[in-house]
2 protein chains.
Amino acid sequence: MEVPRLKPRREHANAERVDLAEIAPELLPYLGQAAYLQLEAFQGLAGVVRAVPELEAKEELSTAAGLTLGKFHGLVAEIRRHDGEPAEVMRPFTVAIDRLQQVTSGADWQETLLGVHVTTGLLDDFFIRLAAGLPKDVGPRAAQLLGSDGGSEAIGRILAAELAADPVLGGRLAMWGRRLVGDTLLVARSALHNSGNASTDEQRIEPVFTDVIAAHTRRMDALGLTA
Amino acid sequence: MEVPRLKPRREHANAERVDLAEIAPELLPYLGQAAYLQLEAFQGLAGVVRAVPELEAKEELSTAAGLTLGKFHGLVAEIRRHDGEPAEVMRPFTVAIDRLQQVTSGADWQETLLGVHVTTGLLDDFFIRLAAGLPKDVGPRAAQLLGSDGGSEAIGRILAAELAADPVLGGRLAMWGRRLVGDTLLVARSALHNSGNASTDEQRIEPVFTDVIAAHTRRMDALGLTA
């Protein structure tokens with residue numbers, strides 16, 4: 001393992017992120033993909049706001065939708081700050097991400113909400129790690145934006161209440177959660193193709209995937225679901 | 001026509017609003033109905049964000065959705081400030097407003113977007129007028145919140161572009177817009193039932209309806225649609 005200590009953009013990276021800072025995603029494609037993922041997550045949450053019957057849950061999820069929309073608008077502002085046209089920059093990613101949205105839309109709002117929770121959790125984690133390879137004037141800001149509160153605590157609480165109220169739901173949601181991981185990681189992996197060094201990067205990225213999946217497992221555990 | 005000059009809550013009301021300040025809606029039901037209407041408008045806009053194909057329009061409409069969500073959260077905060085439980089306070093209005101949402105959901109995103117534009121325009125105007133009869137510590141704040149930018153300019157621009165691109169759409173949207181007015185005004189009128197003085201208020205409110213409908217006609221005119 002190479003450890004090029006002198007590379008300035010590495011200075012804030014911690015030990016876990018050593019290899020990932022070697023991957024330098026192209027800035028605008030990174031921002032475009034990350035932005036469209038937030039827009040998709042926002043739409044998923046807004047759909048659940050409509051579908052969920054309880055008004056308390058509607059309010060909480062609307063807050064989560066607003067926070068996610070804020071991340072989208074933050075990334076769009078970042079695209080403009082770097083002289084990108086948001087629509088142009090997002091366009092290459094719409095087909096794959098729309099497909100992910102279709103795959104993660106469940107048979108009911110509980111599945112769809114878990115779909116948003118799982119995919120957003122995995123992808124935000126992954127894009128935060130990737131941000132270590134961005135220029136220093138934007139990487140930390142993008143990571144902070146993606147890492148900011150998106151309402152996942154409320155989402156977890158609402159899912160936990162549903163699981164507590166329905167003993168059959170757990171098995172179904174656990175299976176559903178497992179189905180989502182593969183498709184979500186495919187989209188994450190596609191982000192490496194923006195770095196122009198895909199095959200080397202695929203190897204470098206493996207420990208990151210391991211970490212990101214471990215965090216996913218902890219999120220599922222918190223719901224009492226086997227990942 | 002009675003003109004009770006001494007009533008302190010009238011002091012900011014202009015001539016047009018003279019009669020309406022006589023109608024004193026109960027505060028929490030007013031806020032609950034107004035809040036749930038914003039939540040419904042938010043959901044409508046979020047649905048159009050998903051349905052509209054162009055990424056530029058998605059971004060603009062997501063901004064409108066965020067502004068509308070901000071109005072909802074502002075009204076919810078107002079409910080809490082007055083010791084209301086938002087879910088309890090909104091609950092009496094969900095059936096009628098969900099029905100309005102069903103009626104105003106069109107056959108395509110252009111109809112649905114016009115539905116949001118028309119119903120939000122009419123109802124925001126109406127609730128701003130009704131706010132004149134609320135206590136002074138909350139009425140002006142509610143009116144300002146409802147009158148704040150909700151992205152209607154962008155919505156109008158997007159609809160105008162669609163109308164310009166499709167010569168057949170105008171006739172269909174004009175007819176659609178006319179269908180929406182009656183159901184929307186039914187919901188507006190139901191707000192009077194919160195004042196405990198419904199039959200007198202119905203008479204007092206007529207000039208307000210005239211004004212609110214005139215503003216609606218101007219919005220339709222701006223799109224080149226006959227109201």
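**Notebook: a predicted two-chain model**

I started with B:Ser62, which counts as buried because its relative accessibility is 0%. My cut-offs for this: buried is under 20% relative accessible area, exposed is over 50%, and partly exposed lies in between (1.4 Å probe, protein chains only).

Ground rules next. This is a predicted model, in which local features need pLDDT of at least 70, side-chain atom pairs count only at pLDDT 80 or more, and totals for chains, interfaces and linings use all residues. Residues are numbered from 1 along each chain as its sequence is written, chains are lettered from A and ligands numbered from 1 in the order in which they are written, and side-chain values use heavy atoms, with hydrogens and water left out.

**Entry 1: B:Ser62**

I placed B:Ser62 in helix H2 of chain B. Helices here are DSSP runs (H or I, at least four residues), as are strands (E, at least two), numbered from the N terminus. What does the side chain of B:Ser62 make a polar contact with? I found the side chain of A:His73, at 2.9 Å. A polar contact is a pair of N or O atoms within 3.5 Å; within protein, one must be able to donate a hydrogen and the other to accept it, and residues adjacent in sequence count only if both atoms are side-chain atoms.

I then listed what B:Ser62 is in contact with, leaving aside neighbours within four places in sequence. From chain A I noted A:Leu39, A:Leu69, A:Phe72 and A:His73, and from chain B, B:Val49. Contact means heavy atoms within 4.5 Å.

**Entry 2: the interface**

I looked up the whole interface. On chain B, 28 residues are in contact with 28 residues of chain A. The area buried between the two chains is about 2200 Å², and carbon and sulfur atoms give 60% of it. In chain B, B:Arg50, B:Leu55 and B:Glu59 lose the most area to chain A, together 30% of what that side buries. Buried area is the accessible area (1.4 Å probe) that two parts lose on being put together, summed over both.

I checked polar contacts across this interface: the rule finds 10 residue pairs, both residues at pLDDT 80 or more. On the chain B side, helix H1 (27-51), helix H2 (55-81), helix H3 (86-90) and H4 each give two or more residues. H2(B) gives the most, with 13 residues. By class, this side has 13 nonpolar, eight polar and seven charged residues. Nonpolar covers Ala, Val, Leu, Ile, Met, Phe, Trp, Tyr, Cys and Pro; charged covers Asp, Glu, Lys and Arg; the others, Gly among them, are polar.

**Entry 3: salt bridges**

How many salt bridges are there over all chains? I get 28, and the count between chain B and chain A is six. The rule asks for a side-chain nitrogen of Lys or Arg within 4 Å of a carboxyl oxygen of Asp or Glu. One pair is A:Glu56 with B:Arg91, at 3.9 Å, N to O.

A:Lys71 counts as buried because its relative accessibility is 4%. A:Asp124 is at 11%, so A:Asp124 counts as buried too.

In chain B, B:Glu206 forms a salt bridge with B:Arg189, the closest N and O atoms being 3.1 Å apart. B:Glu206 sits in helix H9 (residues 198-222) and B:Arg189 in helix H8 (residues 169-190), 17 residues apart. With a relative accessible area of 36%, B:Glu206 is partly exposed. B:Arg189 is partly exposed at 24%. I also noted a network: salt bridges that share partners join A:Glu56, B:Glu88 and B:Arg91.

**Entry 4: the core and a loop**

I turned to the largest nonpolar core, which has 140 residues. A:Phe126, B:Phe126 and B:Phe127 touch the most other members. A nonpolar core is a set of buried Ala, Val, Leu, Ile, Met, Phe, Trp, Tyr and Cys residues joined through side-chain atoms within 4.5 Å. Beyond neighbours within four places in sequence, contacts of B:Phe126 include B:Ala188, B:Leu192, B:Ile205 and B:Phe209.

Last, B:Gly106. I found B:Gly106 in the loop between helix H4 (94-104) and helix H5 (109-130) of chain B. Is B:Gly106 buried or partly exposed? B:Gly106 counts as partly exposed because its relative accessibility is 23%. Leaving aside neighbours within four places, B:Gly106 is in contact with B:Glu111, B:Thr112 and B:Trp176.
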